[in-house]
Amino acid sequence: MASSALSRLANIQKHFNPTNPTSKGERIVKISPEVSEALSLGKAVVALESTIISHGMPYPQNLETAKEVEAIIRQNGAVPATIVILDGMPCVGLSLEELERLAILGSKARKTARRDIAHVVATRGNGATTVSATMFLASMVGIPIFVTGGIGGVHRHGESTMDISSDLTELGRTPVAVVCAGVKSILDIPRTLEYLETQGVCVAAYQTNEFPAFFTEKSGCKAPCRVDSSEDCARLIDTNINLQLGTGILIAVPIPSEHSASGSIIESAIQKALKEAREQNVTGSAETPFVLARVSELTGGTSLASNIALVKNNARLGAQIAVSLSQIGEQS
């Protein structure tokens, strides 16, 4: 192709450098030296969200998991860029001290989607970024790949509640590839896939023809397309950016079979947790953390262990894709 995806991303940084001061002398985004150097050299960088650290598990397990995930990305040749808002400053790439601060803050850090970014920054608050906010900030600085556990989606009974995650609309307007284990099985997976189609989002399953369901390898839904290697994924991302489609890509990776939970056990726990959420009037952004926590309790921690295992698996593949993408840039 005439110009590579990475050269286009370099142009983003050239025309809009978020580390430069504004007219008021303020920086828009703080990029760590390690991430900044990697981006300037066209090296592989992988964005990571921070909600999984603050709201996904307790301290110090969250800190250890975060460090392990970053280590996996480095071991596979890429640079990790955990994204968070600290004291009103969006940060892309964290020091160990900042990572520990986030882990200790836990749920005191506001769960921050795209809609919340301006308010958290304006009030100089602390915000743990969800998928939509992480995608936005990653795209702002030119990071094309983002690894997470699972994305949000259309909630069960969403046809009447209109409870649809902003993750889906973000995928429809932000050219970042999201590597995940599919859609959380607490959601309505068929309707989520329909909504992604409406948004024009390319959804690819990794080494399978079936869309995975987070805790389990199968959802019963056929994947729109399939990729079988990190090189396949990189070519898909490169093509998407070169065509200037303006949309993200969802690369759904099945949880490793040895960590896959029993579908019937998980579904039973989900139904009970959803019932409790309704009885306690837990809605909106609070519902998913509540349900996931209850599912973990009801399954004796099995679901949390599965969650950690799939995030690590996604991190490994995400780093490999980032390396393959950087190699495409070098060959152009």
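1. Helices here are DSSP runs (H or I, at least four residues), numbered from the N terminus. The cavity (points on a 1 Å grid over the protein atoms alone where a 1.4 Å probe fits but cannot get out) has lining residues with an atom within 4 Å of a point. Of its 15 lining residues, E49, I52, I53, V69 and V311 lie nearest the centre. The space comes to about 140 Å³, taken as that filled by probe spheres set on the points.

2. A caveat: this is a predicted model, with local features needing pLDDT of at least 70 and side-chain atom pairs pLDDT 80 or more, while totals for chains, interfaces and linings use all residues. Residues are numbered from 1 along each chain, and side-chain values use heavy atoms, without hydrogens and water.

3. Just after the helix, G106 has a positive phi of about 55°.

4. A213 is worth a look too: it lies in the loop between β9 (202-206) and β10 (225-227). At 3% relative accessibility, A213 is buried. Leaving out residues up to four places away in sequence, A213 touches A181, V183, S185, I189, K218 and S219 (heavy atoms within 4.5 Å).

Definitions and conventions:
Helices (H or I, at least four residues) and strands (E, at least two) are DSSP runs, numbered from the N terminus. Buried means under 20% relative accessible area, exposed over 50%, partly exposed in between (1.4 Å probe, protein chains only). On a 1 Å grid over the protein atoms alone, a cavity is a set of points where a 1.4 Å probe fits but cannot get out, and a pocket is an open set with protein on both sides within 12 Å along at least five of seven lines; lining residues have an atom within 4 Å of a point.
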